[in-house]
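Please keep the viewer open as you read.

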Amino acid sequence: MSSDTLSQMAAPAPPVAAAVPRIVPRRRVGQWIAAGVLLVLLGLVVNSVLRNDAFQWDVVAEYFTTTSVLRGLGLTLWLTALVMALGFALGTLLAVMRLSANPVLRAVSWGYVWLFRSMPILVQLLFWFNIGALYPQLFGVKTVDLFGPVTVAIIGLTLHEAAYAAEVVRGGILSVDRGQIEAAQALGLSRSRRWRRIVLPQAMRSIVPPAGNMLIGTLKGTSIVSVIAVQDLLYSVQLVYHRTYQVIPLLLVATLWYVVVTSLLSVAQHHIERHYARGTQR
């Protein structure tokens, strides 16, 4: 036998690779059954809603874009935007007061938040609507002339929203790491610049989600001003169905408009959250 043959016989056999086990996903039979049941139930609900003549979808389509409904929708959007702007302006001031080293400012801010978060919004609106019983005249003018229904709605909703906005802003400011502020102070940045460049951009990540929820809640909450005869979206459809007695389809008109606007606001909130979350997501 040649030396090559002997060396081949003496060499150890190469190791046999171990068979790689095949990973089989777990069969979640219960979840698929539950999903199927939910789809069947959802289909039944949708079929019932679409085929039930009592909903009167033709009437919904008829009144969906009428002038009175669109006018009420415009007032609702305007009232929502104004209340949110004024509420967050006052709420930011209250948050700064709450974080102040002055005990008087902290106490006043805490008392405001405690009081207006404790009072139902309907009670506040009715109180301001009847403020003339306490003060018949203000600045030499009759109170009933100063506080019309729209003015009462703005005051009541703004004071209510400011209490919640103060806590949202305060929570966002407190979420910023203290080391960031100390680092900015070490770099010699002024107080206003620290707030503008360091604190607020980071605080917005915590402020935007609850602020977006507040905006959507305010949009829907404005419907309560219909009790003081402010012609918002809900009051506008109420005027129609009080005349035509078509209650269900007119309420559906208001509901669909609320759904449309809320959906658009949710999309905008999602993009704003992504903007302020840059650099924190992997």
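First, some ground rules. This is a predicted model, in which local features need pLDDT of at least 70 and side-chain atom pairs count only at pLDDT 80 or more, while totals for chains, interfaces and linings use all residues. Residues are numbered from 1 along each chain as its sequence is written, and side-chain values use heavy atoms, with hydrogens and water left out.

Let's begin with the interior. A nonpolar core here is a set of buried Ala, Val, Leu, Ile, Met, Phe, Trp, Tyr and Cys residues joined through side-chain atoms within 4.5 Å. Buried means under 20% relative accessible area, exposed over 50%, and partly exposed in between, using a 1.4 Å probe and protein chains only. Helices are DSSP runs (H or I, at least four residues), as strands are (E, at least two), numbered from the N terminus. The largest nonpolar core has 18 residues, and L233, V237, L250 and V253 have the most contacts inside it. At least two of its residues come from each of α3 (57–63), α4 (67–98), α11 (233–244) and α12 (247–276). Helix α12 gives the most, with 7 residues. To see this packing from one side chain, select V253: leaving out residues up to four places away in sequence, V253 touches V60, Y63, F64, V69 and V237, where contact means heavy atoms within 4.5 Å. Another core, of 14 residues, lies apart from the largest one and includes F88, I181, A211 and M214. As background, nonpolar side chains tend to be buried together in soluble globular proteins.

Helix α4 also holds T76. T76 counts as buried because its relative accessibility is 0%. Its contacts, neighbours within four places in sequence aside, are L219, T222, D232, L233 and Y258.

Now turn to helix α6 (residues 121–129), whose buried residues are I121, Q124 and L125. Seen down the helix axis, these buried residues fall within an arc of 95°, so they line one face of α6; the arc is that of the directions from the helix axis to the C-beta atoms. Among the elements covering them are α5 (103–118) and α8 (149–174). Helix α8 contains L159, which counts as buried at 17% relative accessibility. Beyond its neighbours within four places in sequence, L159 is in contact with L90, Y112, F116, Q124 and W128.

How many aromatic pairs does a search of the whole structure find? There are 5. Rings of Phe, Tyr and Trp (its six-membered ring) pair if their centres lie within 6.5 Å, with planes under 30 degrees apart counted as stacked, over 60 as edge-to-face and the rest as tilted. The ring centres of F64 and W257 are 4.4 Å apart and their planes are at 5°, so this pair is stacked. F64 sits in the loop between α3 and α4 and W257 in helix α12, so the pair links distant parts of the chain, 193 residues apart. W257 is buried, at 14% relative accessibility. Y112 and F116 form a tilted pair, with 4.5 Å centre to centre and 35° between the planes. Both lie in helix α5, 4 residues apart, about one turn of the helix. Y112 is buried at 16% relative accessible area, and F116 is buried at 12%.

The charged side chains come next. A salt bridge is a side-chain nitrogen of Lys or Arg within 4 Å of a carboxyl oxygen of Asp or Glu, and the count comes to 2. E167 meets R98 at 3.3 Å, N to O. Because E167 lies in helix α8 and R98 in helix α4, this pair ties together parts 69 residues apart in sequence. E167 also meets R170 at 3.0 Å, N to O, and these two residues lie 3 residues apart in helix α8.

Finally, look at the backbone. Most residues other than glycine have a negative phi. Q56, although not a glycine, has a positive phi of about 50°, and is in the loop between α2 (29–51) and α3. A229, also not a glycine, has a positive phi of about 65°, and lies in the loop between α10 (191–221) and α11.
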